[in-house]
Amino acid sequence: MLTQTRRTETETETETEHTPKPRLLAVGTANPPTSYSQDDILRSYGITDPTVVSVFRNSHIDKRHLTLPPVGPDGRPSIETQGELLAKHKAKGIELAAEALRKCLAQIGADVDELGYLVCVTSTGLLTPGFSALLIKELGIPVTCSRLDVVGMGCNAGLNGLNPTAAWASRNPGRLAVMVCVECCSAAYVFDGTMRTAVVNGLFGDGAAAVAVMAGADLAPDAPQVLKFTSRIVPEAVDAMRFDWDEDHGKYSFFLDRDVPYVVGAHAEEAIDNLLRDTGLRRTDIAHWIVHSGGKKVIDAVKVNLGLTSHDVRHTTSVLRDYGNLSSGSFLFSFDRLRAEQAVRPGEYVVLMTMGPGSTIENALVRW
């Protein structure tokens with residue numbers, strides 16, 4: 001029988017105070033070389049239904065990076081089987097994840113040999129073994145590297161993966177942890193002309209993003225610290241976003257309910273209040289907002305309910321414009337743009353917010 005040691009509240013608080021805060025050292029991103037405008041895709045698939053065309057053209061997306069199938073005898077992209085889609089998810093996923101991870105490490109002059117913890121996040125396919133094991137083999141990462149695969153959680157999953165990454169870094173000061181979000185969304189497409197598939201096909205893009213995390217007293221004092229994570233699930237909307245089996249097509253397909261923006265918006269304020277609780281901060285103390293690029297209506301719903309301006313979500317909307325919805329990695333693309341802007345001053349606070357199936361709102365508080 002295990003002997004349990006009961007720690008007092010004071011001991012727990014003291015331990016937390018002395019635990020070094022994890023810092024976000026670098027972000028690396030990658031996308032397929034092929035990109036398409038919305039009209040390119042409409043023409044490629046011969047889509048002329050006015051309602052579907054309207055969904056594509058009113059998405060506020062200029063282009064998306066995708067891995068579309070080769071053109072068939074009819075001049076249209078060929079129809080891929082579920083097996084072919086899974087093969088694409090694996091091959092392109094490894095390729096994109098490896099590129100993003102290499103770029104991330106290069107920014108801090110680190111090598112794969114220094115990796116102590118690797119978290120891989122994806123929702124566009126199922127692999128066993130997962131991307132973490134595949135990347136260890138592909139890149140020659142030490143076989144002693146601890147790892148975790150976060151699979152099937154959807155667009156919110158980047159923060160679900162960053163949470164254990166940050167926790168591991170805090171408990172292993174001076175050692176390097178990396179999270180990689182890799183989404184080959186074109187491996188989850190079904191093209192049948194229906195509104196269900198049109199909403200998805202007109203929104204998502206392919207991409208990967210890696211973030212390096214480390215904790216230490218004298219480490220990179222200019223790098224932002226991760227202070228807190230919170231989560232808010234909305235069980236009554238569990239079916240609003242889902243990736244399930246489409247019997248008619250013999251493959252998986254994603255479904256987005258038309259009310260998703262309203263579900264997210266209605267709970268955004270409560271989710272942020274929960275994040276800021278016991279921090280001594282108010283919403284007006286947050287200088288920068290990184291919100292998941294879930295789509296124009298989702299972004300607008302968050303803006304209205306949190307009282308944000310277009311400037312507050314400028315990186316969210318620009319990533320949507322240039323890449324579409326990149327699922328779990330979207331927020332890291334936006335965060336990378338915030339870093340590149342070099343407008344954040346020391347001591348300022350940043351909120352990271354992602355949304356996805358569950359329905360779920362995930363948040364993190366970061367201080368520069």
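Helices here are DSSP runs of H or I, at least four residues long, numbered from the N terminus. The model is predicted.

Start with α10 itself. Buried means under 20% relative accessible area. The residues that qualify are Arg314, His315, Thr316, Ser318, Val319, Leu320, Asp322 and Tyr323. What do they pack against? Their partners are the strands β3 (63-65) and β11 (286-291), and the helices α9 (296-306) and α11 (330-341).

Take α11 next. Its axis lies 9 Å from that of α10, and the two helices pack at an angle of about 120°. That angle makes α10 oblique to α11. The crossing is right-handed. From α10, the contact uses Arg314, His315, Thr316, Ser318, Val319, Arg321, Asp322 and Tyr323. From α11 come Ser330, Phe333, Ser334, Arg337, Leu338 and Glu341. By type, the contact holds 4 nonpolar, 5 polar and 5 charged residues.

Now turn to the nonpolar cores. The largest has 47 residues. Phe204, Trp289, Val302, Leu306, Met353, Met355 and Leu365 touch the most other members. Helix α8 (residues 260-276) gives the most to this core, with 8 residues. Leaving aside residues up to four places away in sequence, methionine 355 touches Cys155, Asn156, Val264, Val291, His292, Val298, Val302, Thr360 and Ile361. Another core, of 34 residues, lies apart from the largest one. Its members include Leu118, Leu135, Leu139 and Leu176.

Notes
Residues are numbered from 1 along each chain as its sequence is written. This is a predicted model: local features need pLDDT of at least 70, side-chain atom pairs count only at pLDDT 80 or more; totals for chains, interfaces and linings use all residues. Side-chain values use heavy atoms; hydrogens and water are left out. Buried means under 20% relative accessible area, exposed over 50%, partly exposed in between (1.4 Å probe, protein chains only). Contact means heavy atoms within 4.5 Å. A nonpolar core is a set of buried Ala, Val, Leu, Ile, Met, Phe, Trp, Tyr and Cys residues joined through side-chain atoms within 4.5 Å. Axes are lines fitted to C-alpha atoms, for helices over the stretch in contact, and angles run from 0 to 180 degrees between N-to-C directions. Angles under 35 degrees count as roughly parallel, over 145 as roughly antiparallel, 65 to 115 as roughly perpendicular and the rest as oblique. A crossing is left-handed if the near helix is turned anticlockwise from the far one by less than a right angle, and right-handed if clockwise. Ala, Val, Leu, Ile, Met, Phe, Trp, Tyr, Cys and Pro count as nonpolar, Asp, Glu, Lys and Arg as charged, and the others, Gly among them, as polar.
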